[in-house]
Amino acid sequence: MLPALCSLFTALSCVSGVTVVTQKPPVLTLTAGQTANMDCNLGTVTTSAARWYKQVPGGVPQHVIRHYHGWSSPSYGSGFSSPKFTSTYSSKSDYKLIISNVEVGDSAVYYCHTYDSSAKEHVSQ
């Protein structure tokens with residue numbers, strides 16, 4: 001029996017003034033049980049917190065995780081928790097969403113989102 005495949009997608013870049021939020025990779029196809037890593041760069045945003053959302057086809061976006069570079073650990077949306085979902089950062093603008101032990105139910109579009117306090121706008125990818 002073949003293991004199930006999971007496809008995780010990220011949305012296209014969004015430009016708002018000089019703020020560009022980018023995610024990589026655009027498509028991630030994994031075998032069940034693997035670990036997914038998705039990167040998000042917040043560009044020039046002045047508020048350095050990243051939020052990740054999950055959206056299944058026909059559904060509304062669900063808040064997965066929020067991470068601020070000054071926090072020792074991220075906060076979670078309802079129904080999401082560690083160790084399945086976690087986040088790391090390498091700088092004030094570079095964050096990573098990590099999904100452990102991927103299952104078919106994890107297949108979705110994942111959006112990286114932030115708030116640009118200087119432009120007073122929400123920015124997503």
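Student: What makes Cys-40 count as buried?

Tutor: This is a predicted model, and the value is computed from it. Cys-40 has a relative accessible area of 1%. The limit for a buried residue is under 20%, so Cys-40 is buried.

Student: How do you know whether Cys-112 is buried or exposed?

Tutor: The relative accessibility of Cys-112 is 0%. Buried requires a value under 20%, so Cys-112 also falls in the buried class.

Student: Why are Cys-40 and Cys-112 said to be joined by a disulfide?

Tutor: The distance from S to S is 1.8 Å. Two cysteine sulfur atoms within 2.5 Å are taken as a disulfide, so Cys-40 and Cys-112 qualify. The structure holds one disulfide. The bond ties together distant parts of the chain, with Cys-40 in strand 5 and Cys-112 in strand 11, 72 residues apart.

Student: Why is the disulfide of Cys-40 and Cys-112 given a handedness, and which one is it?

Tutor: The torsion about the S-S bond is about -80°, and the disulfide is therefore left-handed.

Student: Which residues touch the most other members of the largest nonpolar core?

Tutor: That core has 20 residues, and those touching the most other members are Met-38, Trp-52, Leu-97, Ile-99, Tyr-110 and Cys-112. At least two residues of the core come from each of strand 4 (27-31), strand 5 (36-41), strand 6 (49-55), strand 7 (62-68), strand 10 (94-99) and strand 11 (108-116).

Student: How many helices and strands does the chain have?

Tutor: There are zero helices and twelve strands. Buried residues amount to 37% of the 125 residues in the chain.

Student: What share of the contacts with a separation of 6 or more joins residues 24 or more positions apart?

Tutor: The share is 50%. Each such contact rests on heavy atoms within 4.5 Å.

Student: How many aromatic pairs are there, and why is the pair of Phe-80 and Phe-85 called what it is?

Tutor: The count is two aromatic pairs. The ring centres of Phe-80 and Phe-85 are 5.1 Å apart, with the planes at 80°. Centres must lie within 6.5 Å, and planes over 60 degrees apart are edge-to-face, so this pair is edge-to-face. Phe-80 and Phe-85 are both buried.

Student: What makes the pair of Tyr-89 and Tyr-95 tilted?

Tutor: Tyr-89 and Tyr-95 lie 6.0 Å centre to centre, with 45° between the planes. Stacked needs planes under 30 degrees apart and edge-to-face needs over 60, so an angle of 45° leaves the term tilted.

Student: Why are Tyr-89 and Tyr-95 placed in their accessibility classes?

Tutor: Tyr-89 has a relative accessible area of 38%, and Tyr-95 one of 2%. Buried means under 20% and exposed over 50%, so Tyr-89 is partly exposed, while Tyr-95 is buried.

Student: What is noted about the phi of Asn-101?

Tutor: Asn-101 is not a glycine, yet its phi is positive, at about 50°. Asn-101 belongs to the loop between strand 10 and strand 11.

Terms used. Residues numbered from 1 in each chain as written. Predicted model: local features only at pLDDT ≥ 70, side-chain atom pairs only at ≥ 80, totals over all residues. Heavy atoms only, no water. Helix = DSSP H or I, 4+ residues; strand = E, 2+ residues; numbered from the N terminus. Buried < 20%, exposed > 50% of the residue type's maximum accessible area, 1.4 Å probe, protein only. Core = buried A, V, L, I, M, F, W, Y, C linked by side-chain atoms within 4.5 Å.
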